[in-house]
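Subject: Structure handover

Hi,

Here is the structure I promised to pass on. Have a look at it first, then read my notes below.

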Amino acid sequence: MGEDQLVVATTSIAVAAVTASTQTDDEAVAVGDEVPEVETSGRKEEVDTSLYLSQIYVPPLNFAMVAPGVYRSGYPNKKNFPFLRKLGLKSILLLVPEPYLQVNLDFVAESGLDLFHYKLTGNKEPFLQIPEDMLADATLRALDRRNHPMLMHCNKGKHRTGCLVGCIRRLQRWSMTSIFDEYRRFAGTKVRVLDEQFIDLFEMSRIENFDPLHKPRWI
């Protein structure tokens, strides 16, 4: 199986596992399914929809598994929280300069998660660039399995998250072609040449000093 196929397969497994582990055949309701009707004294009545809506798990924008124990996505909102709870997260790696929204802070506190906030700016011409030392430190957090399962995210799950994942892929000895293919798949029409240059020129010695006692098996 190729590297790109592996990403797609593991993502599908992650989503399927969450659904399968939390729903029985009688309980499972897919998004878009019609709410069943019941017969009552010769007339049809709709069942209370709140029961069924509570069983729908909506992943955040651009959600995917990076590797076992590490997930990526865009900025999660309240409707994504039930899905994230099913992942059994231990931590969230936040890659935006702004403070975390209060509703997300409440979710972190209620779920007992560790929050690692790195105030990364994106790569934008002519003067903005992701600070290498900050991204390196964030990457080392992601490489410590004591923080797993972990969700890493920026706003859209495209650029800053894509750069961090690209650096992890280099550590995994992926080819640059495969790394850029993955980056472009998530970036869509918003590909940034500066991001690809950042990934290509990133000084790998910054993240090769990870703790060998707590590194994940996929490194």
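How many disulfides does a search of the whole structure find? The search comes back with 0, where a disulfide is a pair of cysteine sulfur atoms within 2.5 Å. The sulfur of Cys 154 is too far from any partner for a bond, because the closest cysteine sulfur, in Cys 163, is 9.0 Å away. Cys 163 is in no disulfide either, and its nearest cysteine sulfur, that of Cys 167, is 6.9 Å away. Cys 154 counts as buried at 2% relative accessibility, and Cys 163 is buried too, with a relative accessible area of 0%. Buried here means under 20% relative accessible area, exposed over 50% and partly exposed in between, with a 1.4 Å probe and protein chains only.

Before going further, a word on the source. This is a predicted model, so local features need pLDDT of at least 70 and side-chain atom pairs count only at pLDDT 80 or more, while totals for chains, interfaces and linings use all residues. Residues are numbered from 1 along each chain as its sequence is written, and side-chain values use heavy atoms, with hydrogens and water left out.

Now the overall picture. The protein chain has 8 helices and 7 strands; these are DSSP runs numbered from the N terminus, with helices being H or I of at least four residues and strands E of at least two. Of its 219 residues, 43% count as buried. Among contacts with a separation of 6 or more, 65% come from residues 24 or more positions apart, a contact being heavy atoms within 4.5 Å.

On to the sheet. Five strands form an open sheet with mixed pairing, in the order β3-β4-β7-β5-β6; two strands pair if DSSP finds at least two bridges between them. β3 and β6 (114-117) are at the edges with a single partner strand each, so one side of each has no neighbour in the sheet.

β3 (residues 64-67) and β4 (residues 70-73) run antiparallel and are joined by 3 bridges. Ala 64 sits opposite Arg 72 of β4, and Ala 67 has Val 70 as its bridge partner. The two strands make a hairpin with 2 residues between them, and Gly 69 in the turn has a positive phi of about 95°.

Lys 156 is worth a look as well: find it in the loop between β7 (150-153) and α6. Its C-alpha is 9.4 Å from that of Pro 60, although the two are 96 residues apart in sequence. Beyond its neighbours within four places in sequence, Lys 156 contacts Leu 61, Asn 62 and Gly 74.

α7 (residues 176-187) has 12 residues and reaches 16 Å from first C-alpha to last, close to the 16 Å expected at 1.5 Å a residue, the expected span being 1.5 Å times one less than the number of residues. Its buried residues include Phe 180, Tyr 183 and Phe 186. Gly 188, which follows α7, has a positive phi near 60°.

In α8 (residues 193-201), Asp 195, Glu 196, Phe 198 and Ile 199 are buried. They are on the same side of α8 because they cover an arc of only 155° around the axis, taken from the directions from the helix axis to the C-beta atoms. The face turned away from that buried side carries the exposed Val 193 and Leu 201. Covering the buried residues of α8 are, among others, α5 (132-142), α6 (160-171) and α7.

Cheers
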